There are 2 protein chains.
Amino acid sequence: MTQTDAGWVKIVGLGPGNETMVTVQVQDVLAEATDVVGYIPYVKRIPERPGLTLHATDNRVEIERATHALEMAAAGQRVAVVSSGDPGVFAMASAVFEALEVGKPDWLDLDIQVLPGITAMLAASARIGAPMGHDFAAINLSDNLKPWSLIEKRLRLAGEAGFAMGFYNPRSKSRPHQFGRALEILREACGGDTLISFARDVSKPGETITTVTLNEATPAMADMRTVVIVGNADTRRVGRHVYTPRYATEG
Amino acid sequence: MTQTDAGWVKIVGLGPGNETMVTVQVQDVLAEATDVVGYIPYVKRIPERPGLTLHATDNRVEIERATHALEMAAAGQRVAVVSSGDPGVFAMASAVFEALEVGKPDWLDLDIQVLPGITAMLAASARIGAPMGHDFAAINLSDNLKPWSLIEKRLRLAGEAGFAMGFYNPRSKSRPHQFGRALEILREACGGDTLISFARDVSKPGETITTVTLNEATPAMADMRTVVIVGNADTRRVGRHVYTPRYATEG
């Protein structure tokens, strides 16, 4: 095969931060790649080596980055698109398919694969105990790509359903008040005694895990480096751990 | 430290089946363990070695298995409790904490850790494309530990919320009719044109991935080795892939 025949895009998950939480298959892809593209802090995690070009780009340019990856693969390069966590969960996989949809028709024949990683919500859950041990929902609290009203609706319905919940991007400087509103809705929908955990820098140096009740929770407990996990009505403490039983006591 | 001081329980995720989808930290725990406990097919994945005792037990004895793990750790053994996928998602982590809650008080001081793995839903999502690329819910369709009426309620509310959904344990011989009922509810809640994917034996030999619309889906497409993923109103095909955009078009 010529180099042109061998081009590919593999969208890989680097896990939450700790290098021992990467899968073997993702390590293998990174060893075979000619190019790595991704957001600056994730590309910084990839060691330099001869034959590998690192393309680090800023936040909020996901479609440009994805298009660049597809262009390079069409030219025969072996391109790893890196995300932290799992690329299929609020990360680069959907952005690559969005770019593919509006890109050159012959890109549809490219070898494009997604290789999962440990997503932040489940890495946080493991450190907390097992708060996602029953049915759960994962919600991105950023309103960059959907209206805030839809986020409020989803919080209410997820609470009514009795789902445990994991929240990505709970709070940023550009929208400081929304997370306080989310906490209000959750107190109404789930009850103020429900446990909520704030997991910051999971698996990284300085990791902190804090569990309180929804009544005790304040917006300042979360920032963009925090994953927030809310339990269901059965979620409880046992010793140092917080877990949700496999069974449901509500009907 | 004496051996008694060094006992621990680490509840580890083996991922969906392919050995390259295990994390490095889980491999390290398996190398350090004196005992491995788990359901027969998962324990079969662990290579035998001198100094390691394998304790394989049948399905539906999770609390007995968890109690045995805690007893051995209290006696100074280094015990790996193995689950496929992620132990925190419909697997052994909650069972260990349930056993801890009703066990000997001094077990609360044991070193108990959960080490995540690639859960079946997200492994399937990666093989399909990126169907979980927007907000989503994960639901265990087995009514062993909760009433079927609660499952129906959650399906309706998740559809109303516009969540993509991942279903574990969609169908078994002992409850052949419930998955047909779930498909009826989903058609009503999400619309018959919504895409549904059936991922069987993900990452294992003989893996099959089938995507149809809810109108085309039949109960026979799922069994206990299948993870089922339902998209939201924006989920679509691009080439060979199925993905959900990061943005929402509904309000």
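About 6200 Å² of area is buried between chain A and chain B, and carbon and sulfur atoms give 59% of it. The model is a predicted one. On the two sides of this interface, 73 residues of chain A are in contact with 73 residues of chain B.

The interface of chain A and chain B holds 10 salt bridges. One of them can be named here: the side chains of Glu62(A) and Arg246(B) meet at 3.7 Å, N to O. On the side of chain A that touches chain B, H6(A) gives the most, with 8 residues.

Helix H6 of chain A spans residues 148-161 and includes Arg154(A). Is Arg154(A) buried or exposed? Its relative accessibility is 1%, under the 20% cut-off, so Arg154(A) counts as buried. Its side chain reaches across to chain B, where the backbone oxygen of Ala161(B) lies at 2.6 Å. Within chain A, Ile139(A) is 15 residues from Arg154(A) in sequence, and their C-alpha atoms are 8.0 Å apart.

Now turn to a sheet in chain B. Three strands form an open sheet in the order S6-S13-S12, with mixed pairing. Its edge strands are S6 (129-130) and S12 (236-238), each pairing on one side only. S6(B) and S13(B), residues 241-243, run parallel and share 2 bridges. Here Ala130(B) stands opposite Tyr243(B) of S13(B).

Helix H4 of chain A, residues 92-101, lies across S6, S12 and S13 of chain B. The helix runs at about 115° to S13(B).

Definitions and conventions. Residues are numbered from 1 along each chain as its sequence is written. Chains are lettered from A and ligands numbered from 1 in the order in which they are written. This is a predicted model: local features need pLDDT of at least 70, side-chain atom pairs count only at pLDDT 80 or more; totals for chains, interfaces and linings use all residues. Side-chain values use heavy atoms; hydrogens and water are left out. Two strands pair if DSSP finds at least two bridges between them. Helices (H or I, at least four residues) and strands (E, at least two) are DSSP runs, numbered from the N terminus. Contact means heavy atoms within 4.5 Å. Axes are lines fitted to C-alpha atoms, for helices over the stretch in contact, and angles run from 0 to 180 degrees between N-to-C directions. Buried means under 20% relative accessible area, exposed over 50%, partly exposed in between (1.4 Å probe, protein chains only). A polar contact is a pair of N or O atoms within 3.5 Å; within protein, one must be able to donate a hydrogen and the other to accept it, and residues adjacent in sequence count only if both atoms are side-chain atoms. Buried area is the accessible area (1.4 Å probe) that two parts lose on being put together, summed over both. A salt bridge is a side-chain nitrogen of Lys or Arg within 4 Å of a carboxyl oxygen of Asp or Glu.
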